[in-house]
Amino acid sequence: MTQVNYNLLGVLPNDDILSQCIHCGMCLATCPTYELTKLERSSPRGRIKMIKSIARGEIPISEIFADEMNFCLDCQACETACPAGVKYGSMVEAARVEVDNSEYGSFFKKKIKKFTLKYILASKRNLKIVSRLLYYYQKSFLPKIVNKLCEFKIFPQRIIVLESLSPKVSKKFSDSAILEITEPENEIKYTTAFHYGCLMNVMFADINRDTVELLSKTGCKVITPKDQQCCGSLHAHNGDFETAKKLAMENLTVFRKHNYDYLISNSAGCGAFMKEYYHLFKDEPELKEAAKSFSERIKDLSEFYSDILPFEFKTNNEIITYHDACHLVHSQKIYSQPRKILRAISGLNYKEMDESIWCCGSAGIYNIVRYEDSMKILERKMENIKKSGAEKVITSNPGCMAQIEYGCRKNNLNITVEHLATFLNRSES
Ligand code: SF4
Ligand code: SF4
């Protein structure tokens with residue numbers, strides 16, 4: 001698994017680290033933004049060169065630099081391709097901090113981003129209040145009126161897009177729908193802990209319920225602490241390392257109170273970041289061991305059912321394909337595990353998708369803040385989905401799910417998208 005240098009915590013890497021790039025260009029063909037522009041500056045190699053020049057003080061931060069740092073999806077496909085082991089992700093994340101502290105980039109967008117990360121996503125209470133309001137809005141007649149006002153150009157068109165991309169808020173949030181202790185249905189095989197996330201808690205409660213139900217049906221006791229927190233990944237990826245560390249610390253404290261064999265994650269981004277908690281605290285003696293033990297026991301759902309608890313799932317004769325979430329395949333290096341599970345399901349017609357590891361363009365909030373670029377990237381994904389001939393796309397990340405569902409609606413495709421947890425829970429025999 002990729003080990004990010006969290007010692008840097010938002011500070012541009014030193015010359016030694018930046019010089020690990022040997023300019024071979026092996027990453028270029030895997031980079032979605034380079035593929036869009038064919039400009040060197042939109043490639044990992046070009047961006048590293050710019051970051052290096054800025055870190056050395058050879059050039060100042062510029063509009064172009066700011067734009068390139070935010071144009072990058074942080075998908076980390078370049079890390080998978082890199083023969084020199086360059087940790088590009090931590091470089092671009094540190095560079096974004098520099099951009100946020102500079103005069104470049106939209107002042108308004110920067111303020112909104114900071115506020116959302118610090119006061120909404122990092123606060124379970126505030127996130128639940130905002131989500132509840134959004135739930136009532138989504139259920140009301142208001143969206144129809146807003147859409148009409150957008151059609152007549154009284155409100156900006158972007159609002160329609162934002163609404164179509166936003167997943168529906170769950171009626172009952174995960175933390176009230178899932179018991180703190182769920183006993184296994186049969187003989188106990190493992191005691192697991194479950195992290196239900198922040199947005200997953202309020203917007204994908206059905207997937208969280210499917211995950212717990214699946215674990216329980218397959219012989220796992222599931223501990224779902226009510227006082228757990230957001231993992232902090234969105235904060236770290238967007239340069240708010242202080243909040244990311246605070247949230248990580250709270251999670252360490254909460255999960256330490258319980259005895260469990262594995263901590264199951266059903267969200268690629270959360271799992272990837274929680275596996276990095278150890279590196280986050282490796283210079284803090286009092287937390288280092290707790291963080292190590294925590295990180296070592298994180299398992300993505302697909303890892304768990306492939307490597308720890310193989311299970312015989314059954315289904316009807318569906319034609320499915322699989323989309324690899326970037327934070328699963330590039331950050332956690334999980335590629336074969338979901339395929340092993342899916343290919344072993346009797347009655348299933350599994351079709352491998354071309355470029356399954358190519359980003360779908362969701363990338364956290366990228367599809368909202370860089371909608372046009374995100375849609376170009378999504379179109380390539382949709383072409384590959386169509387070519388696969390599948391009637392259903394399985395994936396392991398809620399962001400990818402919402403983005404691909406949007407792509408299906410936009411292209412009028414009769415293809416459904418399902419999270420692996422839901423698919424396995426329904427397939428379980
Ligand atoms: S993280 Fe993704 S978009 Fe950014 S440079 Fe690497 S491959 Fe390109
Ligand atoms: S593959 Fe690695 S070493 Fe080669 S150009 Fe890309 S980042 Fe640099």
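This is a predicted model: local features need pLDDT of at least 70, side-chain atom pairs count only at pLDDT 80 or more; totals for chains, interfaces and linings use all residues.
Two strands pair if DSSP finds at least two bridges between them.

Strand 8 pairs with strand 9, residues 416-419, in the parallel sense, and four bridges hold the pairing. One of these links can be named: Lys-392 has Thr-416 in strand 9 as its bridge partner. Between the two strands in this arrangement comes a helix. Strand 8, helix 24, which covers residues 398-410, and strand 9 together make a right-handed β-α-β unit.

Let us now turn to the other neighbour of strand 8. Strand 6, residues 319-322, pairs with strand 8, residues 392-395, in the parallel sense over three bridges. Along this pairing, Thr-321 stands opposite Val-393, and Tyr-322 has Ile-394 as its bridge partner in strand 8.

In what order do the four strands of this open sheet lie? The order is 7-6-8-9, and the pairing is parallel. Strand 7, residues 349-350, and strand 9 stand at the edges; each has a single partner strand, so one side of each is left without a neighbour in the sheet.

The average pLDDT of the protein is 91, and 97% of the residues score at least 70. Residues 1-8, however, have a pLDDT below 50; in the model this stretch has 22 contacts beyond near neighbours in sequence.

Five strands form it in the order 1-3-2-4-5, with mixed pairing. Which strands stand at its edges? They are strand 1, at 181-182, and strand 5, at 298-300; each has a single partner strand, so one side of each is left without a neighbour in the sheet.

I would ask you to look at strand 4, residues 262-265, in particular. Strand 4 runs parallel to strand 5, and three bridges join them. Leu-263 has Ile-298 in strand 5 as its bridge partner, while Ser-265 stands opposite Asp-300 in strand 5. Strand 4 is also joined to strand 2, residues 190-195, by four bridges, and these two strands run parallel. Here Phe-194 has Ile-264 in strand 4 as its bridge partner.

Helix 19, residues 301-308, is mostly covered, with six of its eight residues buried. Which residues of helix 19 are they? They are Leu-301, Ser-302, Glu-303, Phe-304, Tyr-305 and Ser-306. The elements that cover them include strand 4 and strand 5, together with helix 13 (205-217), helix 21 (336-343) and helix 25 (420-427).

The largest nonpolar core has 111 residues, of which Tyr-277, Ala-291 and Cys-359 touch the most other members. Leaving aside residues up to four places away in sequence, Tyr-277 touches Ala-248, Leu-252, Ala-291, Phe-294 and Ser-295.

A further residue deserves attention: Met-91, which is found in helix 6, residues 88-100. Why does Met-91 count as buried? It has 27 C-beta neighbours inside 10 Å, and the threshold for burial is 20 or more. Apart from residues up to four places away in sequence, Met-91 touches Pro-13, Ile-48 and Ile-51. With Ile-48, the separation is 43 residues in sequence, yet 7.7 Å in space from C-alpha to C-alpha.

Finally, I come to ligand 2. There are 16 residues around it, and those that come nearest are Cys-21, Cys-24, Cys-27, Arg-45 and Cys-82. Two elements give two or more residues to this shell, namely helix 3 (44-55) and helix 5 (77-81). Which element gives the largest share of the shell? Helix 3 does, with three residues.

Thank you for your attention.

Note on methods:
Residues are numbered from 1 along each chain as its sequence is written. Chains are lettered from A and ligands numbered from 1 in the order in which they are written. pLDDT is the predictor's confidence in each residue, from 0 to 100. Two residues are in contact if their C-beta atoms, placed from the backbone, lie within 7 Å. A nonpolar core is a set of buried Ala, Val, Leu, Ile, Met, Phe, Trp, Tyr and Cys residues joined through C-beta atoms within 7 Å. A residue is buried if 20 or more other C-beta atoms lie within 10 Å of its own, exposed if 12 or fewer, and partly exposed in between; C-beta atoms are placed from the backbone. A crossover is right-handed if, with the strands pointing away from the viewer, the path from the first strand over the helix to the second runs clockwise. A residue is near a molecule or strand if its C-beta atom, placed from the backbone, lies within 6 Å of it.
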